[in-house]
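Please read them beside the structure.

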Amino acid sequence: MKRYFFSILITLLLVAFAVGPAQHAQTPSLKDAFKSDFLIGAALNRRQFSEQDLRALPIIKSHFNSISPENQLKWMYVHPRPGVYDFEGADRYVAFGEKYGMFVIGHTLVWHNQTPDWVFLDNKGNPVDRETLLNRLKDHIQTVVGRYKGKIKGWDVVNEAVNADGTLRQSKWLKIIGEDYIAQAFKFAHEADPQAELYYNDYSLEDEPKRNGAVRLIQKLQEQGVKITGVGLQGHNRLTWPTREQQDATITAFANLGIKVSITELDVDVLPRVDEEAGRKIKLTPELQPKLNPYTAGLPETVSDEQARKYAELFAVYLKHRDVIDRVTFWGVTDADTWLNNFPVRGRTNYPLLFDRNGKAKTALEAVINSRLARR
Ligand code: GLA
């Protein structure tokens, strides 16, 4: 009797072991699930592309076929002082992408943030003139794009040049050079690598006034004969924004310009919304924690399900437009490394990505993959 019991137990255990991994193996990875639709990318930090983050590495290798540099190619890192370029990190990033056969993105050439002050000043500390700044821009773009010619396949040439109301942002680039800084940047990039894809990248383009501004900007570039391959919709989303209709209308508006669309910085923020300006100044006191940082002990199932539904809804819209969508890139790999743990309030516990802090697949990952399987 006892022997009989043990043999049943062992059989059950064997079946459990066999079925467990087998089920796992049947779940396709993100890049395989969407292989006939678009590339699936992730923004990597330094530890990740240096292969030091052993939790993220297997996820990156199995789920993603495109990479973006979270910070490494921004002006302040790659060109910190006049005449001084530092390519140590960027070289490693590109080598990582080549090693694993990824579609490598460059981010970003012209931005109002993470650009050192010296770029806009002369040696007396006064603002430089148009010619000087244009020359600096040209040197920067030729040097950086030129170094990775043929290796970095697509560049976010200009990042975030449009205001919420659709007007052009009054950045130092605009104030010193004038509106044509955007066309000039695209021209310099095209000269430096004629094969590279060139994108305009921005957030909240799902809001109509801002979207219309970006559409006008791109039309103008096209009228001037400037090469622009596509638009990057950053996709820093929330549980309730953008709506399905806003996402759909936005992709259609840019597709109508005859350019490609990519989702370039995807995440779905689950924390209470805090205004950016105010958020930076907030110190999380024990009194503020429950209101502003409610999920330090874990994400409640209701919220995690809501997030999974939002992700599935977004991917259903992307799939509808698979003919114009080239790539969907997540801004990070796991919830442990997302910028949203520190933006706009420092030190929160956010959960915007598809893999949890231990690198485990979340409900949202399953929902995204199922959104694809449902179409077969
Ligand atoms: C913007 C930039 C990114 C990154 C995120 C926050 O979206 O384009 O490079 O800085 O903000 O991490």
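1. The largest pocket holds about 1,400 Å³ of space. On a 1 Å grid over the protein atoms alone, a pocket is an open set of points with protein on both sides within 12 Å along at least five of seven lines, and lining residues have an atom within 4 Å of a point. A volume is the space filled by probe spheres set on the points, which are joined across faces, edges and corners. Of the 44 lining residues, Tyr203, His236, Glu276, Trp339 and Phe343 are the closest to the centre of the largest pocket.

2. This is a predicted model: local features need pLDDT of at least 70, side-chain atom pairs count only at pLDDT 80 or more, and totals for chains, interfaces and linings use all residues. Residues are numbered from 1 along each chain as its sequence is written, and side-chain values use heavy atoms, with hydrogens and water left out.

3. There are two cavities of 30 Å³ or more; a cavity is a set of grid points where a 1.4 Å probe fits but cannot get out. The largest cavity has about 40 Å³ of space, and its lining includes Val110, Trp111 and His112. The second largest cavity, of about 30 Å³, has Lys74, Trp75 and Thr108 among its lining residues.

4. The axes (lines fitted to C-alpha atoms, for helices over the stretch in contact, with angles from 0 to 180 degrees between N-to-C directions) of helix α11 (residues 244–255) and helix α14 (residues 301–320) come within 10 Å and cross at roughly 25 degrees. Helices here are DSSP runs (H or I, at least four residues), numbered from the N terminus. Helices α11 and α14 are therefore roughly parallel to each other, a term for angles under 35 degrees.

Note on methods:
Helix = DSSP H or I, 4+ residues; strand = E, 2+ residues; numbered from the N terminus. Parallel < 35°, antiparallel > 145°, perpendicular 65-115°, else oblique.
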